[in-house]
Amino acid sequence: MTPTTCPFCAVGCGLVLDVAAKRVVAVTPDPVHPVSRGQLCAKGWNAGPFLASPERLRQPLLRRNGRLQPAAWSTALAAAAEALAAARAEGGADAVGVIASARATNEDAFAAMKFARAVLGTNNVDHCARVCHAPSVAGLRRTLGSGAMTNPIADLDEADCLFVVGADVTENHTIIGGRILAAHERGIPLVVVDPRRTRLARAADLHVQLRLGTDIALVNGMLHAIFAHGWEDGAYLAARCENVAALQASVADWTPDAAARVTGVTAATIVAAARLYATSRRGWLAYGLGVTQHVSGTETVIALSNLALVTGNVGVIGGGVNPLRGQNNVQGACDMGALPDVYSGYQAVADENARRRFETAWGVALPTAPGRTSLAMQHAAHDGELKALVVIGQDPAVTDPGGRFVARVLERLDCLIVAELFLTETAKLADIVLPAASFAEKDGTFTSTERRVQRVRRALAPPGEARADWQILDALAARLGRPLGFRDAAGIFAEMAALTPSYAGMSYARLEARGGLCWPCPTPTHPGTPRLHVEGCVRGRGRLIPVVHTPPAELPDADYPLQLTTFRLHHQYGSGSMTRRAPLLERENPRGLVWMHASDAARRRIATGAAVRVRSRRGEVTTRAVVSDDVPPGVVAMPYHFAEASPNLVTNDALDPIARMPELKVCAVAVEAC
Ligand SMILES: Nc1nc2c(c(=O)[nH]1)N[C@H]1C(S)=C(S)[C@@H](COP(=O)(O)OP(=O)(O)OC[C@H]3O[C@@H](n4cnc5c(=O)[nH]c(N)nc54)[C@H](O)[C@@H]3O)O[C@H]1N2
Ligand SMILES: Nc1nc2c(c(=O)[nH]1)N[C@H]1C(S)=C(S)[C@@H](COP(=O)(O)OP(=O)(O)OC[C@H]3O[C@@H](n4cnc5c(=O)[nH]c(N)nc54)[C@H](O)[C@@H]3O)O[C@H]1N2
Ligand code: SF4
Ligand SMILES: [Mo]
């Protein structure tokens, strides 16, 4: 019986693996886990089957004569090292890049960023946070000084109002979603802001069903109403915030009527939402990708931060601005510095003192200029400037926008190296595929959405010759003449903790206890910090920043009259590489779908189950229709788990100028029966 941490979402539930005859024969909930408290969602219960899938990669593959063929580790590593060295020799250190994984451990992510910086000599390192919560990291750092969830999950039980924006919590962070529903049943008011009618929206006291990409207008309208009615927390603003007058002036024209015209929500609803949230003693605000995946993503995060600060909800029990981070270890991959501009603990590569610390520890000169983001690496590959790329546990050919462009540029690279559990769409394009150990086959840690660092434990041996990602990177580094110097996962953690103030007080010995520790945990006796900004914000005063409504980059027109948004299904996860290999999960949702409103369907003679074509300026995809009032007229919605019907063939790659986040949540499409 091995207690460990769920490998799917960032709630960080505790599960127990039961192994017999070298197989996981049962996955059960950890009865004493502080977050999941004996519960799991359908994905957690089904975390076993993919491990033993016959499709797991068991040995390295090398492309010979155009085909991927089995190879010995020594051959594959030699080929990978040679290709990376050749790319560097030809184009300089920035002609190579690394995509780290938010699914693998902190130790793997730290190894990836060390490999990029200390071995390859480039800051070209990034991961899927770019297309997920990069705007949260950028926005909340500006306003509060830290880009992470401010309050623990458990605080939602202490709140007097729950305010959920652009997050489908019952489906995607299910254990949190269940707690929200339970709190609501106890009488705590619930407001849901979402263009779709989600399960939470149906249950809510108030469903604010706004137009796609109009959240800033909504929040500015709410702020106008709050100031007009005197619902702001004046004492808190005076004691703890800056820029109050400028913010108040900036929303002067955003009357609820003005906001209603942009959002499509009635002025009365906007005032009601403002009243419920602002007049509750403590409001727990949580948000998701409906906020971040827009060209205005970072500014929308700032708008929500303004709302929480004006009502005195930051740094208090039961309050907070809480980005619900997605992947099991996306918080950790960010914390570990698998980002182009920071080392672990968000220490800037441009900061000379930070750079010196890492240079001294690693005994090597490090690059000074920030590197390229994941999407910028794709464009550099297109332009021939990036020649080789190492991708660890990510499937950009399916999950990044730009459709066939991504596959084309990956193919164009002189060398694509992929470390994976399965032969994903991205791995199929690789020159070298390296088999990776899964969460159940290695030791390490994941950091959950509430900054909770928890142990992941090896319960069985990896299949065939698969290895942990950090071992793969270490072996590759040795071939390049600069070994990473790692012996085991605990040793990597210790090296990382010594260089990372927020993790400095943590060690495997301390993390042994169920539930681990929340960062910051600066000293070996520090109990961890579930709640941020209590004694004032991390940056000092909470900074209010006026933001203006920016419409989506692409609006509907005569040729593309509908708006497409994308979302998730409870039973599938990411590109589906793991959930689609769990029979009970795959049975529930075996194929791609597009939800549309009856009025739009009738006009096109489309019924539920009909094959339809979804077209945009970037491409088209064939899928099947679900006619439903989950979406309003004019909006269609697709989940993104199915490579054979991927919305990313049509989504827009227009970027948020601050966080470089693509606008995955809205573009213009045409839909027709086919
Ligand atoms: N089952 C399952 N769970 C998962 C995942 C999975 O793939 N499957 N993935 C994990 C990951 S990586 C992540 S990041 C999280 C994501 O979890 P969520 O943040 O919940 O992600 P989505 O369902 O993509 O989008 C959330 C909601 O945003 C709404 N939305 C769209 N546009 C707008 C808008 O303009 N304004 C507002 N207010 N809302 C809008 C959508 O209708 C949708 O209901 O889930 C994690 N959990
Ligand atoms: N249209 C649209 N596109 C989206 C989104 C959306 O809402 N709409 N959401 C975006 C978001 S929020 C995210 S996070 C991304 C996710 O995009 P990806 O990160 O590409 O999606 P995953 O399916 O999680 O891919 C992770 C891969 O890691 C592998 N893996 C798992 N564990 C390990 C390990 O320990 N080691 C290694 N080497 N591999 C491992 C899995 O097999 C899987 O293939 O998609 C983004 N794309
Ligand atoms: S809520 Fe997330 S962490 Fe918990 S069991 Fe489900 S997928 Fe795993
Ligand atoms: Mo995500």
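**The barrel and beyond**

A: Six strands close into a barrel, in the order β21-β25-β22-β24-β23-β26, with mixed pairing. On average, neighbouring strands of this sheet are turned by 45 degrees against each other, direction ignored. Axes here are lines fitted to C-alpha atoms. Strands are DSSP runs of E, at least two residues, and helices are runs of H or I, at least four, numbered from the N terminus. Two strands pair if DSSP finds at least two bridges between them. Strand β23 (residues 611–615) and strand β26 (residues 667–673) run antiparallel and are joined by four bridges. In β26, alanine 673 stands opposite valine 612.

The model is predicted: local features need pLDDT of at least 70, side-chain atom pairs count only at pLDDT 80 or more, and totals for chains, interfaces and linings use all residues. Residues are numbered from 1 along each chain as its sequence is written, and side-chain values use heavy atoms, with hydrogens and water left out.

Now helix α11 (residues 256–263). Its buried residues (under 20% relative accessible area, 1.4 Å probe, protein chains only) are Pro256, Ala258, Ala259, Ala260 and Thr263. Their cover includes α8 (215–229) and α12 (267–279), where contact means heavy atoms within 4.5 Å. Glycine 264 follows α11, and the phi of glycine 264 is positive, near 80 degrees.

Terms used. Chains lettered and ligands numbered in written order. Axes fitted to C-alpha atoms, helices over the stretch in contact; angles between N-to-C directions. Buried < 20%, exposed > 50% of the residue type's maximum accessible area, 1.4 Å probe, protein only.
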